[in-house]
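Please look over the sequence and the three-dimensional structure shown below.

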Amino acid sequence: MKIFLGIVGMVIIAAIIALGLDILGTSYLKIKNVPASNNSTYLITNVNIIPMIQDTVLANKMVYIQDGIIKSISESLPNKEVEIVDAQGKFLLPGLIDMHVHVWDKYELGLYLANGVTAVRNVWGIPMHLRIKEEVNNDKILSPTFTQRGQSSQGEFIGDDNLNLTSPSEAKDKVISYKDRGYDFIKTYYGLDRDIFDAVVEQAAISKMDIVAHPSQKVPFSYHLNPQIKSIEHAEEIVQQPLQFNLDTIKLQPIIDSISNPKHSKYCPTLTVFNNIYQMMINDSILEAEPLSYMNPLIQKVDSKNQFNRWHNAKMKDSSVVDRIKYQHDFHLEIVAQLYKAGVPIICGTDAGIGVTLPGFSIHKELAFYKEAGLSNYEVLKTATVNAAQTHSIMNQLGTIEEGKVANLLLVDHNPLMELSTLENPSSIFIKGRQINRKTLLSFKEKAKNRKNLIASALTYLENLLIEK
């Protein structure tokens with residue numbers, strides 16, 4: 001017994017040390033440790049504004065930010081005894097929003113910021129995320145605005161990162177529980193049958209919780225057009241469910257029409273995560289590539305490796321699967337083009353944080369796909385700004401540069417209406433008016449590269465399994 005208790009004690013001590021080192025390792029994100037970010041009141045001068053309320057540039061303006069809120073925009077403003085930021089003719093636009101991410105640790109928050117992402121919708125939920133949300137809301141750490149859901153609601157289905165529901169009453173209880181615990185929305189997932197799906201939607205309306213839908217194959221696709229559902233996720237779900245893998249543009253059209261009829265529906269294509277299947281198939285050394293050093297080490301060892309093995313083995317069994325995946329990706333571009341033409345608001349999401357889909361960096365790849373699908377640069381930017389911000393009421397103060405909006409802003413060297421790639425290397429960003437310059441943003445990338453928090457990540461995941469299961 002003494003030996004056993006000794007081993008347990010050493011394990012507990014090791015766990016405490018691992019978690020402590022992880023907290024210490026991410027202390028660079030604490031606002032108090034970045035002196036320049038303590039101020040949230042500025043006068044930005046000599047700036048060209050892309051307001052995202054129309055396709056235009058407001059040349060040579062001044063923007064007054066007070067306590068993190070945009071107070072006024074003008075060609076000239078009265079002298080104010082505040083810090084002045086001379087933009088030197090650079091371009092100011094709303095910060096980017098990634099509407100489909102999986103956050104695994106705080107290091108990823110810095111990666112999002114370094115890539116100009118000033119808000120994220122985290123589409124899975126564990127206790128760690130509620131702690132992050134509290135720190136963000138209380139202005140303790142530098143982070144994108146953090147919108148958080150509870151665990152996915154799904155039917156009986158293998159997977160320990162989602163919540164398996166077996167009855168309507170259980171579904172309603174879980175929705176109430178997530179609301180009480182502080183989650184912002186819930187996500188429906190694969191395998192929900194009609195009774196449970198109806199119960200989730202009914203209770204979500206009563207509890208005033210938005211729903212994000214990963215379509216379930218057990219209900220008609222039209223079920224996901226319910227007003228309580230604010231967005232439908234993944235272009236490939238259109239291929240897999242209503243089209244039954246029949247990549248036919250003629251059969252696609254009535255599906256697009258059905259999505260466009262209810263004016264509340266928004267679509268989050270997540271083209272990048274599917275395209276990364278193709279990238280894994282054509283690059284046998286992708287797991288050793290330098291970009292993967294920015295992934296969480298637990299994900300690298302488990303999810304990245306498992307996904308690579310799955311698709312590598314599929315290629316070994318049937319080499320034609322490579323061309324089929326590429327063809328389906330190209331069809332996803334057609335889906336985006338048709339959604340846009342039908343007037344369906346597209347919202348940018350990457351599914352970052354799983355497989356080989358990098359947090360932060362992937363948004364630029366996603367936006368480039370929308371451009372390839374035929375959207376103009378302005379329409380591409382809308383997917384990650386105004387369209388995204390209009391999805392949930394709690395995000396309505398983001399997405400445009402207007403008086404009264406939260407100053408989540410992105411300052412870039414060139415005009416993104418002409419050159420989208422300028423978004424990849426921000427001159428600086430503003431989070432609730434707190435300025436973070438390029439040098440600091442680059443340091444966030446370096447801090448996250450090859451981080452050593454595998455044990456800490458495993459412990460936070462174990463915490464979730466113990467609480468939820």
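Is I17 buried, exposed or partly exposed? At 49% relative accessibility, I17 counts as partly exposed; buried means under 20% relative accessible area, exposed over 50%, and partly exposed in between, with a 1.4 Å probe and protein chains only. The model is predicted, so local features need pLDDT of at least 70 and side-chain atom pairs count only at pLDDT 80 or more, while totals for chains, interfaces and linings use all residues. Residues are numbered from 1 along each chain as its sequence is written, and side-chain values use heavy atoms, with hydrogens and water left out.

I17 lies in helix α1, which covers residues 2–25. Helices (H or I, at least four residues) and strands (E, at least two) are DSSP runs, numbered from the N terminus. Together with I13, L21 and L24, I17 makes a nonpolar surface patch of about 420 Å². Such patches are made of residues with over 30% relative accessible area and no salt bridge; like charges are joined within 9 Å, and nonpolar side chains (Val, Leu, Ile, Met, Phe, Trp, Tyr) within 5 Å. A salt bridge is a side-chain nitrogen of Lys or Arg within 4 Å of a carboxyl oxygen of Asp or Glu. Accessible areas come from the Shrake-Rupley method with a 1.4 Å probe, and for residues only the protein chains shown count as cover. An α-helix has 3.6 residues a turn, so residues three or four places apart point the same way.

The structure holds nine aromatic pairs. Rings of Phe, Tyr and Trp (its six-membered ring) pair if their centres lie within 6.5 Å; planes under 30 degrees apart count as stacked, over 60 as edge-to-face and the rest as tilted. Y42 and F430 form an edge-to-face pair, with 5.7 Å from centre to centre and 80° between the planes. This pair links distant parts of the chain, since Y42 is in strand β1 (residues 42–49) and F430 in strand β16 (residues 428–431), 388 residues apart. Both Y42 and F430 are buried. The rings of W124 and Y461 have centres 6.3 Å apart and planes at 40°, so this pair is tilted. W124 lies in the loop between β7 (117–122) and α3, and Y461 in helix α15 (residues 454–468), so the pair ties together parts that are 337 residues apart in sequence. W124 and Y461 are buried too.

Y28, Y107 and F444 form one aromatic cluster. Y107 is also among the buried residues of α2. Eight of the eight residues of helix α2 (residues 107–114) are buried, so this helix is largely enclosed by the rest of the structure. α2 is followed by G116, whose phi is positive, near 80°.

Helix α3 (residues 127–137) has the buried residues P127, M128, H129, I132, K133 and V136. How does K133 count at 13% relative accessibility, buried or exposed? K133 counts as buried because its relative accessibility is 13%. K133 touches F146, Q148, G182 and D184, not counting residues up to four places away in sequence. Just after α3, D139 takes a positive phi of about 55°. D139 sits in the loop between α3 and β8 (145–148) and is partly exposed, at 33% relative accessibility.

Two further loop residues complete the tour. D67, in the loop between β2 (58–66) and β3 (69–74), has a positive phi near 50° although the residue is other than glycine. D67 is exposed, with a relative accessible area of 60%. K218 is found in the loop between β12 (210–213) and β13 (229–233) and is partly exposed at 45%. K218 and Y190 are 28 residues apart in sequence and 8.0 Å apart in space, C-alpha to C-alpha.

Notes
Contact = heavy atoms within 4.5 Å.
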